[in-house]
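Subject: Handover of a structure for your review

Dear colleague,

Please find below the structure that I am passing on to you.

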Amino acid sequence: IRFRNRLFLVPIILFFNKIVFCSQASRDSFPFFLKYISRHKYQVVYNGIDIKNIEAIKQHHSHKNNDTFNIISIGRLEKIKRFDKIIAAVKNISVESINLVIVGGGSQMNYLKSIASDHLFKDKITFTGEISREQVYGHLVNANLFVSASTTEGHPVSVLESLAAGCLNLLSDIEPHREIAQNGIFVKLFDGDDNEQLKDEIIKSRSLSPEEHQLLVDGGRQLALE
């Protein structure tokens with residue numbers, strides 16, 4: 001947060017009756033003195049997702065192809081989201097039946113398209129730009145794996161939506177993702193700066209047996225519901 005905006009937080013926290021954070025990680029990220037003066041009036045209210053709509057689209061529009069492993073990543077195409085790391089990891093996997101869909105718009109769109117434009121991958125990496133939430137759900141229910149390499153989050157809605165839609169999850173090891181992953185059984189965390197680890201985890205996810213895959217999907221969906 002810019003220094004000017006940090007200053008604005010002081011009168012807000014001093015004079016407002018209730019301070020709401022979207023996650024415990026968001027709350028914990030605040031400087032000690034701000035947490036101290038708001039200790040009696042803060043509350044954590046997690047971001048919500050449209051479970052009913054996701055389920056409806058999942059039941060009527062799911063067309064997963066068992067021959068193709070579909071990876072999806074969603075967010076603002078900005079440096080802090082590290083989409084370049086995801087693209088690099090996918091390009092280092094020598095498997096033809098892997099596709100990557102990147103959903104969102106932002107200042108890095110042209111740059112990311114340029115590094116994904118290798119002729120070997122021109123049909124493997126797709127950019128949707130900004131699309132409606134229903135279209136996002138459509139992509140999620142047809143994906144096998146959701147990946148986020150972000151450096152910072154509050155409480156990421158797209159992660160929760162992907163879990164509810166039945167995607168496996170690979171998330172960068174940052175505090176908001178840890179809060180969702182909890183014990184780490186149903187959501188896998190990775191070092192966001194380690195392309196090799198991300199590549200290996202994608203390969204492991206693709207290699208899961210149908211039974212292992214379903215166990216993780218069911219557990220992830222329960223996390224999202226909770």
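Which residue lies over the face of Y42? That residue is R27, placed at 3.7 Å from the ring centre. Please bear in mind throughout that this is a predicted model.

The structure holds 3 aromatic pairs. One of them joins F21 and Y42 in an edge-to-face arrangement, with 5.9 Å from centre to centre and 80° between the planes. Because F21 belongs to strand β1 (residues 19–21) and Y42 to strand β2 (residues 42–44), the pair ties together parts that are 21 residues apart in sequence. The two partners may be set side by side in terms of accessibility: F21 is buried, with a relative accessible area of 4%, whereas Y42 is partly exposed at 28%. F21 and Y42 belong to one aromatic cluster together with F30.

Nonpolar surface patch

Y36 is also a member of a nonpolar patch on the surface. Helices α1 (3–15) and α3 (32–37) are the elements that give two or more residues to the patch. F8 is found in helix α1 and is partly exposed, with a relative accessibility of 47%.

As a general point, nonpolar side chains in soluble globular proteins tend to be buried together. In this model the largest nonpolar core has 26 residues, and I71, F127 and I202 touch the most other members. Strands β3 (69–74), β4 (98–103), β5 (125–129), β6 (145–148) and β7 (168–172) each give two or more residues to this core, as do helices α5 (83–91), α6 and α10. The largest share, 5 residues, comes from α5.

Helix α6 spans residues 109–115 and includes S114. S114 is partly exposed, at 42% relative accessibility. Between the C-alpha atoms of S114 and V101 the separation is 15 Å, the two residues being 13 apart along the chain.

Salt bridges

The count of salt bridges comes to 8. Among them is the bridge between the side chains of R133 and E161, with an N to O distance of 2.5 Å. This pair links distant parts of the chain, since R133 is in helix α7 (residues 133–141) and E161 is in helix α8 (residues 157–165), 28 residues apart. R133 is partly exposed at 36% relative accessibility, while E161 is buried with a relative accessible area of 2%.

Another bridge joins the side chains of R178 and E175, with 2.5 Å from N to O. Here both residues lie in helix α9 (residues 175–181), 3 residues apart, which is about one turn of the helix. R178 is partly exposed at 35%, and E175 is partly exposed at 40%. R178 and E175 are linked with D173 in a network of salt bridges.

A further bridge connects K204 with E201, whose closest N and O atoms are 3.8 Å apart. K204 and E201 are 3 residues apart in helix α10 (residues 195–206), so about one helical turn separates them. E201 is buried, with a relative accessible area of 8%.

A backbone detail

Most residues other than glycine have a negative phi. What is the phi of R82? The angle is near 55°, a positive value in a residue other than glycine. R82 is placed in the loop between β3 and α5. With a relative accessibility of 12%, R82 counts as buried.

Yours sincerely

How values were computed
Residues are numbered from 1 along each chain as its sequence is written. This is a predicted model: local features need pLDDT of at least 70, side-chain atom pairs count only at pLDDT 80 or more; totals for chains, interfaces and linings use all residues. Side-chain values use heavy atoms; hydrogens and water are left out. Rings of Phe, Tyr and Trp (its six-membered ring) pair if their centres lie within 6.5 Å; planes under 30 degrees apart count as stacked, over 60 as edge-to-face and the rest as tilted. Helices (H or I, at least four residues) and strands (E, at least two) are DSSP runs, numbered from the N terminus. Buried means under 20% relative accessible area, exposed over 50%, partly exposed in between (1.4 Å probe, protein chains only). A charge sits over a ring if NZ of Lys or CZ of Arg is within 6 Å of the ring centre and within 35 degrees of the ring normal. Patches are made of residues with over 30% relative accessible area and no salt bridge: like charges are joined within 9 Å, nonpolar side chains (Val, Leu, Ile, Met, Phe, Trp, Tyr) within 5 Å. Accessible areas come from the Shrake-Rupley method with a 1.4 Å probe; for residues, only the protein chains shown count as cover. A salt bridge is a side-chain nitrogen of Lys or Arg within 4 Å of a carboxyl oxygen of Asp or Glu. A nonpolar core is a set of buried Ala, Val, Leu, Ile, Met, Phe, Trp, Tyr and Cys residues joined through side-chain atoms within 4.5 Å.
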